[in-house]
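The following paragraphs walk through a protein chain, taking its charged pairs, its aromatic rings, its backbone and its surface in turn. Please keep the sequence and the structure in view while reading.

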Amino acid sequence: MTRTASTSAPLHDLLAQRWSPRSFLPTPVTDDQLRSLLEAARWAPSAGNHQPSRFIVGRTGSPAFDAILGSLRPGNRAWAADVPLLVVGVARLRDPDGSARPSGPFELGLAVGQLITQSHALGLHAHAMGGFDADAVAQAFAVPDDHRAVVVVAVGHVGPPDALPDELAEREVAERRRLSLDEIAYGAAWGVPAL
Ligand SMILES: Cc1cc2nc3c(=O)[nH]c(=O)nc-3n(C[C@H](O)[C@H](O)[C@H](O)COP(=O)(O)O)c2cc1C
């Protein structure tokens with residue numbers, strides 16, 4: 001089953017072959033792999049090199065994993081229960097002087113993007129989720145008021161689609177679609193294709 005992106009220009013394999021599965025094997029993510037993922041996030045760019053993004057790591061069988069899993073919406077919890085690693089991405093929304101940090105979620109996105117790309121470089125797969133209760137995470141992990149959990153990323157070894165319930169198994173093999181470049185990249189004016 002190929003999940004490789006169909007592109008109008010060549011892409012690096014890590015980008016073209018990345019996709020978000022729901023079927024994961026119980027095979028653990030090793031300590032070295034976890035360290036590598038977090039290093040990838042650590043080396044993301046940030047405004048002023050303030051490095052505002054934080055991560056909460058839950059490995060299967062730990063209280064942290066159970067708390068993160070419990071925060072997921074039921075539709076996500078159904079498949080994420082079998083994933084060996086859940087990582088919460090936390091954005092800083094205010095700087096220490098109290099001023100707003102509107103770039104916080106963007107900086108977290110860059111860091112999570114690096115974590116996801118590094119997952120694939122290690123032969124793992126990653127699946128980001130916005131469907132979770134950020135307040136539940138804040139309570140379980142005493143996240144400070146000026147920070148906000150924005151995403152949970154499931155990471156592990158991809159499993160077979162038929163290990164999933166029928167509806168999810170169908171989505172696992174459905175064609176991967178994107179808008180065309182004309183629809184997203186503008187030049188002379190809004191809506192006028194750049195290329
Ligand atoms: C911020 C964000 C939130 C997402 N939330 C969910 C989610 O709650 N549940 C889910 O199954 N997938 C979620 N996804 C995964 C997307 O559905 C997926 O990336 C998209 O359908 C494209 O598929 P691909 O990653 O395989 O290319 C999320 C992705 C992002 C970036």
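Aspartate 95 and arginine 101 form a salt bridge in which the closest N and O atoms are 3.0 Å apart. The model is a predicted one. In general, side chains of opposite charge can pair when their charged atoms come close.

How many salt bridges does a search of the whole structure find? The search finds 7. One of them joins arginine 59 to aspartate 31, with 2.6 Å between the closest N and O atoms. This pair links distant parts of the chain, since arginine 59 is in strand β1 (residues 54-59) and aspartate 31 is in helix α2, 28 residues apart. Arginine 59 has a relative accessible area of 27%, so it is partly exposed. Aspartate 31 counts as exposed because its relative accessibility is 55%, and the cut-off for exposed is over 50%.

Another salt bridge is formed by arginine 148 and aspartate 135, whose closest N and O atoms are 2.8 Å apart. Here too the pair links distant parts of the chain: arginine 148 lies in strand β4 (residues 147-156) and aspartate 135 in helix α6 (residues 134-141), 13 residues apart. With a relative accessible area of 34%, arginine 148 is partly exposed. Aspartate 135, at 48% relative accessibility, counts as partly exposed.

The aromatic rings come next. A pair of aromatic rings is described by the distance of the centres and the angle of the planes. A search of the whole structure finds 2 aromatic pairs. In one of them, the ring centres of phenylalanine 24 and tryptophan 79 are 6.3 Å apart and the planes are at 20 degrees, so the pair is stacked. Phenylalanine 24 is in the loop between α1 (13-16) and α2 (31-42), while tryptophan 79 is in helix α4 (residues 74-80), so the pair ties together parts that are 55 residues apart in sequence. Are these two residues buried or exposed? Phenylalanine 24 counts as buried because its relative accessibility is 7%. Tryptophan 79 has a relative accessible area of 2%, so it is buried.

Tyrosine 186 and tryptophan 190 also pair: their ring centres are 4.6 Å apart and their planes are at 70 degrees, so this pair is edge-to-face. Tyrosine 186 counts as partly exposed, with 30% relative accessibility. Tryptophan 190 has 78% relative accessibility and therefore counts as exposed.

The ring of tryptophan 19 has a charged partner. The charged end of arginine 3 sits over this ring, 4.7 Å from its centre. The side chain of tryptophan 19 also makes a polar contact with the side chain of histidine 125, at 3.3 Å. Histidine 125 belongs to strand β3 (residues 125-129). At 13% relative accessibility, histidine 125 counts as buried, as the cut-off for buried is under 20%.

Attention now turns to the backbone. Most residues other than glycine have a negative phi. Asparagine 49 is not a glycine, yet it has a positive phi of about 50 degrees. The loop between α2 and β1 holds asparagine 49. At 51% relative accessibility, asparagine 49 counts as exposed. Glutamine 51 is not a glycine and also has a positive phi of about 50 degrees. Glutamine 51, too, is found in the loop between α2 and β1. With 41% relative accessibility, glutamine 51 counts as partly exposed.

Helix α2 is where glutamate 39 is placed. Glutamate 39 counts as partly exposed because its relative accessibility is 29%. Between the C-alpha atoms of glutamate 39 and serine 53 there are 12 Å, and these residues are 14 residues apart along the chain.

The last stop is the surface. Which residues make the nonpolar surface patch of about 470 Å²? Leu179, Leu181, Ile184 and Leu195 make this patch. Of these, leucine 195 is in the segment after α8 (181-184). Leucine 195 has 81% relative accessibility and so counts as exposed.

How values were computed: Residues are numbered from 1 along each chain as its sequence is written. This is a predicted model: local features need pLDDT of at least 70, side-chain atom pairs count only at pLDDT 80 or more; totals for chains, interfaces and linings use all residues. Side-chain values use heavy atoms; hydrogens and water are left out. Patches are made of residues with over 30% relative accessible area and no salt bridge: like charges are joined within 9 Å, nonpolar side chains (Val, Leu, Ile, Met, Phe, Trp, Tyr) within 5 Å. Accessible areas come from the Shrake-Rupley method with a 1.4 Å probe; for residues, only the protein chains shown count as cover. A salt bridge is a side-chain nitrogen of Lys or Arg within 4 Å of a carboxyl oxygen of Asp or Glu. Helices (H or I, at least four residues) and strands (E, at least two) are DSSP runs, numbered from the N terminus. Buried means under 20% relative accessible area, exposed over 50%, partly exposed in between (1.4 Å probe, protein chains only). Rings of Phe, Tyr and Trp (its six-membered ring) pair if their centres lie within 6.5 Å; planes under 30 degrees apart count as stacked, over 60 as edge-to-face and the rest as tilted. A charge sits over a ring if NZ of Lys or CZ of Arg is within 6 Å of the ring centre and within 35 degrees of the ring normal. A polar contact is a pair of N or O atoms within 3.5 Å; within protein, one must be able to donate a hydrogen and the other to accept it, and residues adjacent in sequence count only if both atoms are side-chain atoms.
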